[in-house]
Amino acid sequence: MPSFRSRIFFALISLAALPLTWAIVNGPVISANFPDPAILVTSGGTYAFATNSGNINIQVATSTDGGVTWELQSGVDALPNVGSWATANSTWAPDVIDRGDGTFVMYYAAWSTSHSTHCVAAATSVTPAGPYTPESHPIACQTSGGGAIDPAGFQDTNGTRYIVYKVDGSSLGGGGPCGNANGEYSTPIMLQEMEADGVTPTGEPVQILDRGQSDGPLIEAPALILHNGTYVLFFSSNCYNTDLYDISYATAPSISGPYTKASSPLLITDDDGLTAPGGATPRLDGEFMVFHATVNTNPLTRYMYTATATWNGTIVST
C-alpha cells in the first residue's frame with residue numbers, strides 16, 4: 001500500500017483574486033521512477049504520462065477511480081517511435097490533450113541530432129495510451145537559447161490552441177548542479193499559438209515569464225490553465241536535483257500576460273514530508289494535480305504524488 005500524507009498548505013500570494021489557498025497531498029501514488037508527470041482525463045479513465053525510463057520513451061499509468069489509485073503500465077511505451085529527427089531515450093516531460101475529434105495529441109521534448117539540443121514536438125494517437133505517431137518535424141528548437149523542453153498544451157475559451165514550453169538556457173553551461181549557476185543564460189517560458197490541429201505552430205512564440213531572484217538559476221515545467229477567468233501558469237524553479245526545487249505559479253488577466261508570480265511557492269521541500277516537489281500538471285479545472293518528488297538521489301528517483309486544491313479569495317499562510 002502506498003503511504004499517505006495530507007496537510008493543509010496555505011499559500012500567501014500577492015494577488016487577492018482567486019489564489020490557490022490550500023492543497024492536500026497524497027502519495028506516493030506511483031512508487032517507481034515517474035518524473036515530470038502529466039494527467040489526461042477521459043470518459044474511459046484517467047491517464048498519467050512521464051519522462052523516459054530505461055528503454056521506455058514515454059511511460060504510462062492508468063487510474064479507474066479518477067486519480068485516487070494508479071497502476072503503472074509496465075513495459076508500455078506510449079511513444080515507441082520518437083521521430084526520425086530525434087534520439088530515443090532522450091524524451092522528457094510529456095503532456096497529452098484530447099483534441100475533441102477522436103484524436104489525442106502528445107507534446108514531448110527529445111534530443112535533436114541535427115540541432116544538438118532538445119526540441120519540443122507533437123505526436124498523435126486515436127487512443128489515450130497510444131501508441132502515438134510523431135510528426136515529421138519538431139515544433140520548436142530554440143537552438144541559440146539552449147533548446148526547447150517541457151511543452152504543455154492549452155486551449156482558450158475561443159478555441160485557440162497553444163503550447164507553453166521552456167527555453168533551456170540551463171544547457172548552455174555556467175556550472176552548478178543543473179547548469180547556469182552563474183545566471184548568465186535566460187530560461188524563459190514561451191507561449192506558442194497552434195493551428196486547430198494542435199500540431200502545427202502559427203506565428204512567433206511570445207515570452208510570458210522568466211526567472212527572478214527567488215527562482216535561482218531557472219524556471220521550467222510550465223503548465224497553463226484558465227480558472228474563473230484568470231490564467232494560471234504553474235512552473236518549477238531552482239534545480240531539479242536539489243532540495244530547492246519547488247512548485248510555484250503565476251497569474252494573469254490575459255493569456256499573454258503580464259503574469260504575476262505568487263509571493264511564495266505552493267509546495268517546497270519538507271511540506272508533507274516531500275523532497276524537491278516539482279513538475280506539476282493540474283487537471284483542467286485546477287482542483288487536482290499530479291507531480292513528482294525525489295525519494296533517492298543516487299540514482300535520482302522521483303515518485304508521482306497527487307494533490308487536491310481549493311480556490312477562494314482569501315490570502316492565508318502557515
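## Close-up views of a predicted model

**View 1. Leu79 is a buried loop residue.** At a relative accessibility of 0%, Leu79 counts as buried, because buried means under 20% relative accessible area. The structure shown is a predicted model. Leu79 sits in the loop between strand E5 (71–72) and strand E6. Its contacts include Asn57, Ile58 and Thr91, leaving out residues up to four places away in sequence. Leu79 also touches Met106, Tyr108, Ala123 and Tyr132. Pro131 is 52 residues from Leu79 along the chain, but the C-alpha atoms of the two are separated by 5.6 Å.

View 2. UniProt, in an unreviewed entry, places the feature "active site" at Asp36 and Glu220.

View 3. Is Asp36 buried or exposed? Asp36 has a relative accessible area of 17%, so it is buried, the limit being under 20%. The side chains of Asp36 and Thr51 are joined by a polar contact of 2.6 Å. Neighbours within four places in sequence aside, Asp36 is in contact with Phe49, Ala50 and Thr51, among others. Further contacts of Asp36 include Ala93, Pro94 and Gly279. His292 and Arg302 touch Asp36 too.

**View 4. Glu220 is a buried strand residue.** Glu220 lies in strand E14 (residues 219–227). Its relative accessible area is 8%, so Glu220 is buried. Which residues does Glu220 touch, not counting residues up to four places away in sequence? They are Ile149, Asp150, Lys166, Ile189, Phe235, Ser236, Tyr240 and Tyr245.

View 5. Glu220 and Lys166 meet through their side chains in a salt bridge (3.0 Å, N to O). This pair links distant parts of the chain. Glu220 is in strand E14, Lys166 is in strand E11 (residues 161–167), and they are 54 residues apart. Lys166 also forms a salt bridge with Asp168, with the closest N and O atoms 3.0 Å apart. Together, salt bridges link Lys166, Asp168 and Glu220 in a network. Lys166 has a relative accessible area of 1%, so it is buried. Asp168 is buried as well.

**View 6. Arg99 and Asp101 meet in a salt bridge.** How many salt bridges does a search of the whole structure find? The search finds five. In one of them, the side chains of Arg99 and Asp101 meet at 3.1 Å, N to O. Asp101 counts as exposed, because its relative accessibility is 51% and exposed means over 50%.

**View 7. The largest pocket is lined by 20 residues.** This pocket holds about 460 Å³ of space. Which lining residues are closest to its centre? They are Val96, Ile97, Asp98, Gly153 and Leu284. Several strands give two or more residues to the lining. Among them are E2, strand E6 (86–98) and strand E10 (148–155).

Conventions. Residues are numbered from 1 along each chain as its sequence is written. This is a predicted model: local features need pLDDT of at least 70, side-chain atom pairs count only at pLDDT 80 or more; totals for chains, interfaces and linings use all residues. Side-chain values use heavy atoms; hydrogens and water are left out. UniProt positions are given in the numbering used here, feature names are shortened, and annotations may be inferred rather than shown by experiment. Buried means under 20% relative accessible area, exposed over 50%, partly exposed in between (1.4 Å probe, protein chains only). Contact means heavy atoms within 4.5 Å. A polar contact is a pair of N or O atoms within 3.5 Å; within protein, one must be able to donate a hydrogen and the other to accept it, and residues adjacent in sequence count only if both atoms are side-chain atoms. Helices (H or I, at least four residues) and strands (E, at least two) are DSSP runs, numbered from the N terminus. A salt bridge is a side-chain nitrogen of Lys or Arg within 4 Å of a carboxyl oxygen of Asp or Glu. On a 1 Å grid over the protein atoms alone, a cavity is a set of points where a 1.4 Å probe fits but cannot get out, and a pocket is an open set with protein on both sides within 12 Å along at least five of seven lines; lining residues have an atom within 4 Å of a point. Grid points are joined across faces, edges and corners, and a volume is the space filled by probe spheres set on the points.
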